[in-house]
Amino acid sequence: MAKLTILEFPDPRLRTVAKPVAHVDDALRTLIADMFETMYAAPGIGLAATQVDVHRQLLVLDISEDGSKPMVFVNPQILARDGEQVYQEGCLSVPGIHAEVQRANHIRVRAQDRDGAVFELDAEGLLAVCIQHEMDHLAGKLFVDYLSPLKREMVRKKLAKARKDAAAEKADPAAPARAGTA
Ligand code: NI
């Protein structure tokens, strides 16, 4: 297994629309294993292939407390949705940022599993949020797209500054992690 690099906003590659997976084969299962390793290490509860620069319709997630319920969705489709919920979301591609997003409370999803078998699943609450969030990634969409343009620009600047500070810290390990932090 190998840990993969996660693309970060505003990387334009995150805007790529994923293509369907034609064959669920060993190469895909290797990618799935690498995506789980990457997601658990981050740590995160969901990861779309788009985030690791693979533009195929594949996502993995695990919303359990102890990382015991890995779920794989290949070529996911939402068949039905109803109700609404607002959840404070975060994203491994937008590190350190959280914001409320409104989504359907209940969804019915059809997808293929890691063996290519088709299944359908009813999801609600956090699981429904997570599936919708990851499916957005496959469509080239990020949760910050639901924010106002002004807020999204603030997020972009905050991340640019965090990256700059991290680079400066790497160059000079004795320097404080963030300017202005006493
Ligand atoms: Ni995300």
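Me: What makes Phe-73 count as buried?
Reply: Phe-73 has 0% relative accessibility, so it counts as buried; the word means under 20% relative accessible area, with exposed over 50% and partly exposed in between (1.4 Å probe, protein chains only). Bear in mind that this is a predicted model, where local features need pLDDT of at least 70 and side-chain atom pairs count only at pLDDT 80 or more, while totals for chains, interfaces and linings use all residues. Residues are numbered from 1 along each chain as its sequence is written, and side-chain values use heavy atoms, leaving out hydrogens and water.

Me: And why is Phe-119 called partly exposed?
Reply: Its relative accessibility is 23%, so Phe-119 counts as partly exposed.

Me: How many aromatic pairs does a search of the whole structure find?
Reply: It finds 2. Rings of Phe, Tyr and Trp (its six-membered ring) pair if their centres lie within 6.5 Å; planes under 30 degrees apart count as stacked, over 60 as edge-to-face and the rest as tilted.

Me: Why is the pair of Phe-36 and Tyr-40 called stacked?
Reply: The ring centres of Phe-36 and Tyr-40 are 5.9 Å apart and the planes sit at 20°, so stacked it is.

Me: What about Phe-36, buried or exposed?
Reply: Phe-36 comes out at 7% relative accessibility, so it counts as buried. Tyr-40, at 34%, counts as partly exposed.

Me: Why is the pair of Phe-73 and Phe-119 called tilted?
Reply: Those centres are 5.6 Å apart with planes at 55°, so the pair is tilted.
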